[in-house]
Amino acid sequence: AVVSTQSTGYSPCDMLATLLLFSLLALTQGQNTIFSQEEELDSILHDKDEILHKRDTSSEEILHKRNTEEEEEEGEILHEKEEILHKRDAKEILHKRNAEDILHKREAEEILHKR
């Protein structure tokens with residue numbers, strides 16, 4: 001369909017140029033919307049990365065604290081075991097000394113009894 005310039009007042013070139021101009025405006029607007037959405041998504045991803053980093057850091061701190069507490073508990077248990085062993089050794093030494101003292105007393109009594 002040919003449009004005459006007399007009915008609209010515009011030439012076909014003017015109409016085509018206007019159509020191209022509106023098309024470019026629409027494409028530019030669409031592209032701006034896409035860029036805006038990309039920026040939002042980048043911001044969301046950045047926030048999620050920060051949250052994950054904080055969670056990982058927090059988890060590492062918790063594990064380190066637990067390991068430290070476990071090591072301290074193990075150290076305390078070992079110390080208590082050493083004390084128990086030391087006490088047991090001390091009791092054995094005292095028992096041997098008492099036994100030796102008893103033997104010496106018996107020997108002394110036997111010697112005195114023989115005289």
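For charges, I count Lys and Arg as positive and Asp and Glu as negative, leaving out His and the chain ends. I place each charge at NZ of Lys, CZ of Arg, CG of Asp or CD of Glu.

**Before starting.** I am looking at a predicted model, where local features need pLDDT of at least 70, side-chain atom pairs count only at pLDDT 80 or more, and totals for chains, interfaces and linings use all residues. I number residues from 1 along each chain as its sequence is written, and side-chain values use heavy atoms, without hydrogens and water.

**Charges.** I looked up the 15 positive and 28 negative charges, and their mean positions lie 21 Å apart.

**Overall form.** The C-alpha atoms fill a box of roughly 160 × 15 × 10 Å along the principal axes. The radius of gyration is 48 Å, while a compact globule of 115 residues would have one near 13 Å. That radius is taken over C-alpha atoms, and the globule rule is 2.2 Å times the number of residues to the power 0.38.

**Surface.** I noted an accessible surface of about 11,300 Å², with 58% of it belonging to carbon and sulfur atoms. The areas come from the Shrake-Rupley method with a 1.4 Å probe, and for residues only the protein chains shown count as cover. How much of the protein counts as buried? I got 0% of the 115 residues; buried means under 20% relative accessible area, exposed over 50%, and partly exposed in between (1.4 Å probe, protein chains only).

**Residues in helix H2.** Methionine 15 sits in helix H2 and counts as partly exposed because its relative accessibility is 36%. Its C-alpha atom is 135 Å from that of arginine 106, 91 residues away along the chain. Isoleucine 44 is also in helix H2, and I call isoleucine 44 partly exposed because its relative accessible area is 42%. From isoleucine 44 to glutamate 82 I count 38 residues in sequence and 56 Å in space, C-alpha to C-alpha.

Key. Helix = DSSP H or I, 4+ residues; strand = E, 2+ residues; numbered from the N terminus.
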